[in-house]
Amino acid sequence: MKQVVQNYKSGELAVLDVPVPGCKPGGVLVRSAFSLISTGTELMKVSEAGMSMLGKARSRPDQVAKVMQSVATNGVPATYRKVMGKLDSYTPLGYSLCGVVEQVGAGIDDVKVGDLVACAGNEHALHAELNWVPKNLYAPVPDGLAPRHAAFGTVGSIAMQGVRQGEPQLGEVALVIGLGLIGQLVVQLLVASGVRVVGADPDAVRCELAERLGAAACGDPASPAVEAAVAELTDGHGVDQVYLAAGGGSNQPVELAARLCRDRGRVVDIGKCRLDLPWNAYYEKELDVRFSRSYGPGRYDPEYELEGRDYPIGYVRWTERRNLACFLDLVARGAVDVEPLVSHIADFDDAVETYQRLKDGDLKAVAVLFRYPEHAGEAEEAGAPAVAVPAVKRPSGGVSTPARAAKTPVRLAFVGAGNYATSMLLPHLAQREGVELSTVVTTTALSAANAQRKFGFAEATTDLDAVLGDKSIDAVFVVTRHSSHAELTRRALLAGKTVFVEKPLALTEDELAGVLAAVEESGNDRLQVGFNRRFAPLLQDARKRFGARTGPASLRYLVNAGQLQHGSWYLQQGSEGSRFVGEGGHFIDTASWLLDADPVSVYAVAPSGNDDLQVVLRYPDGSTATISYVTTGAPGFPKETLDLVADGKVLRLDDFVRASVYGPKKWVSSRLPKARDKGQNAELAAFIKAVRTGGPMPVPLESLVATTSATLAVQTGLACGAPVTLERAR
């Protein structure tokens, strides 16, 4: 299928061939009929992409701060790869469309194949021939409403949420500053609510359009006409509400709002404009400044948008989806007229030219629609437990893969192509001799296309079954969200593939049991979990210099994990597990490798109110490892520090940039000059060697299972407040 994309680094716009997105449970696959260009938001994004790197940095200071924090944590090279990887990728455009349901995912019963729906979301209602849309981001189109009019649903919801924030009352007077697409819709919604409206915009054509759509008067904000109209309609008191629907860097809108608003009036910010509030003016009138967040309640909440968990109507009357349905109803009944806003309808194949004309100013427009080929003819239509560590049951004699010819490349498939895969794994594999990147599989079409372009995959697809059935593929990498790791690993093992799965292997004991059942059923035990720290060259060297030990050891591992950014999928603990379940296996595996044993018990405690943890592991010879996993530390402090003490010796690791061993002779490594090497490259080399030669996997399966069981036991221990014994099943 085709999709409109942009490279944020170069500014290039393209209509790209990408795989068809999969139809996941909880949503529908929609074939686009019309999609709407947001001439404000999208053109701002297009313009930013054309800036220099310095210009991009100046326009997004919030992102610059994140980059600097990443440099402090991960080093310059790793951060550079991550940032350049994001910038030099195709990103989607679009967030408002109407289309026909082509496939219905599991759990959906409110629409059927062939139904017309309006769709929302900058990840789901894209300028693409097909989109997967979750339940709470689509709404059925009322009978008789033309598809091109229903394509306004998302921007209509944005305008509606802004009006709701202003709480208009019958007979009030409102000022709308900025009469672009959102402003024109705000005008009509206010008029439909019984409010008299004054509009302000420097474009005379837009002012005339707003007056035709119901505004009492409109004019240039720099002229006396707007102020005179407000004075006449309000007897000099000022407007009850001001809606800021303008963009740009001028502070004029907020100053005009203060001047023309009545005492204790309401100012609602809908657009992205400068907000240097003049203190005296806003203080003296005690103005109520409010923000309108996009389409309404539910926006940016992954449980609402992705998991389909609706808010009870008795507590949240107007959600994203209910706003969308309400706007469609208003348009269907003629209370809002979007046809006069349509300045241009372009064929989807002409998308790049259309954006360029808008950017250059050759095409003056309030709203522009893309019309898709399949619908070209429709333009005129309408306690103290013990946890058993599962036994690894292998077929008699074991199973191994045959050694390959020396010159035969190892063919790899990737399931998932997110940040970690594209910054920490694929750069190493793409440069490795004797490796062929065969296929990349993702649920979203564009991420697969980006990975194919950047790393040279032969194919990109959303069809996992086809990949698992391809006998020419030697190994499958599972680099998806945590909740899918166990199931994807299980399926790949049953398909006879060697599997590399990023941590965690499983989120529950049942999931772990399912993976081991697949090993037993298939006779395929070729599995590696991405516990890379034991492969770090610095730690490997320090362990050798520490040497063998004769007595029990004491290990302390401080993990300064830090706070997660708002909106991070790691916060979705209901579906993706806790933070420690997600990454704690790294630290348990490292401790067990250094102590050369698997833990026999786990004790965990946590202070209330945050995600901090203290985990104590006990080993068969009396050794202990204490992992302090903290989220409340200083961001500038190193992320990982480790001390191992035994037999009069101490091994010290400082965040993978320096190591030292104190004993009869002191050894201190030179500080790594460029980056923290946490072992990903060496781990991948060991994995590829095992695939190529058919030899043992880099880490025994029993160790992977023991580490996973210990990680899961942490949650059990927290719940019961007692040590958890890890009993090895026989």
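Analyst: A residue is called buried when its relative accessible area is under 20%, exposed when it is over 50%, and partly exposed in between. The model is a predicted one. By that scale, Asp647 is partly exposed because its relative accessibility is 35%, whereas Asp596 is exposed because its relative accessible area is 64%.

These two aspartates also have a backbone feature to report. Asp647, in the loop between β28 (640-646) and β29 (649-654), has a positive phi of about 55° without being a glycine. Asp596 is not a glycine either, and its phi is likewise positive, at about 55°; its place is in the loop between α22 and β25 (601-605). As background, most residues other than glycine have a negative phi, and most peptide bonds are trans.

Together with α24 (701-720), α22 (579-595) gives at least two residues to the lining of the largest cavity. The space in that cavity amounts to about 60 Å³. Its lining consists of Lys503, Pro504, Leu505, Ala506, Phe531, Val581, Gly582, Gly585, Thr708, Thr711 and Leu712. Sorted by class, six of these residues are nonpolar, four are polar and one is charged. Two lining residues, Lys503 and Pro504, are joined by a cis peptide bond with an omega of about -5°. Pro504 is placed in the loop between β22 (498-501) and α19 (509-522).

The second largest cavity holds about 40 Å³ of space. Ala120, Asn136, Leu137, Thr154, Ser157, Tyr295, Glu320 and Leu324 form its lining. Helices α6 (153-166) and α13 (320-332) are the elements that contribute two or more residues to that lining. Its composition is four nonpolar, three polar and one charged residues.

Next come two buried positions, Asn131 and Leu145. Asn131 belongs to strand β7 (residues 130-134). It counts as buried because its relative accessible area is 4%. A polar atom of the Asn131 side chain lies 3.5 Å from the backbone oxygen of Ala128. Leaving aside residues up to four places away in sequence, Asn131 touches Pro21, Val28, Leu29, Val30, Ser32, Leu97, His124, Ala125 and Leu126. Leu145 is located in the loop between β8 (138-140) and α5 (147-150). This leucine is also buried, since its relative accessibility is 4%. Its C-alpha atom is separated by 8.8 Å from that of Arg333, a residue 188 places away along the chain.

Another buried region is helix α16 (residues 445-455), where the buried residues are Ala445, Leu446, Ala448, Ala449, Asn450, Ala451 and Phe455. The cover over these residues includes the strands β1 (2-7), β2 (13-17), β4 (90-92), β19 (435-441) and β20 (459-461), as well as helix α15 (419-430). Gly456 follows α16 and has a positive phi, near 80°.

A disulfide is a covalent bond between the sulfur atoms of two cysteines. The search of the whole structure finds zero disulfides. Cys207 counts as buried because its relative accessibility is 7%. Cys720 is buried as well, because its value of 19% is under the 20% limit.

How values were computed. Residues are numbered from 1 along each chain as its sequence is written. This is a predicted model: local features need pLDDT of at least 70, side-chain atom pairs count only at pLDDT 80 or more; totals for chains, interfaces and linings use all residues. Side-chain values use heavy atoms; hydrogens and water are left out. Buried means under 20% relative accessible area, exposed over 50%, partly exposed in between (1.4 Å probe, protein chains only). Helices (H or I, at least four residues) and strands (E, at least two) are DSSP runs, numbered from the N terminus. Contact means heavy atoms within 4.5 Å. On a 1 Å grid over the protein atoms alone, a cavity is a set of points where a 1.4 Å probe fits but cannot get out, and a pocket is an open set with protein on both sides within 12 Å along at least five of seven lines; lining residues have an atom within 4 Å of a point. Grid points are joined across faces, edges and corners, and a volume is the space filled by probe spheres set on the points. Ala, Val, Leu, Ile, Met, Phe, Trp, Tyr, Cys and Pro count as nonpolar, Asp, Glu, Lys and Arg as charged, and the others, Gly among them, as polar. A polar contact is a pair of N or O atoms within 3.5 Å; within protein, one must be able to donate a hydrogen and the other to accept it, and residues adjacent in sequence count only if both atoms are side-chain atoms. A disulfide is a pair of cysteine sulfur atoms within 2.5 Å.
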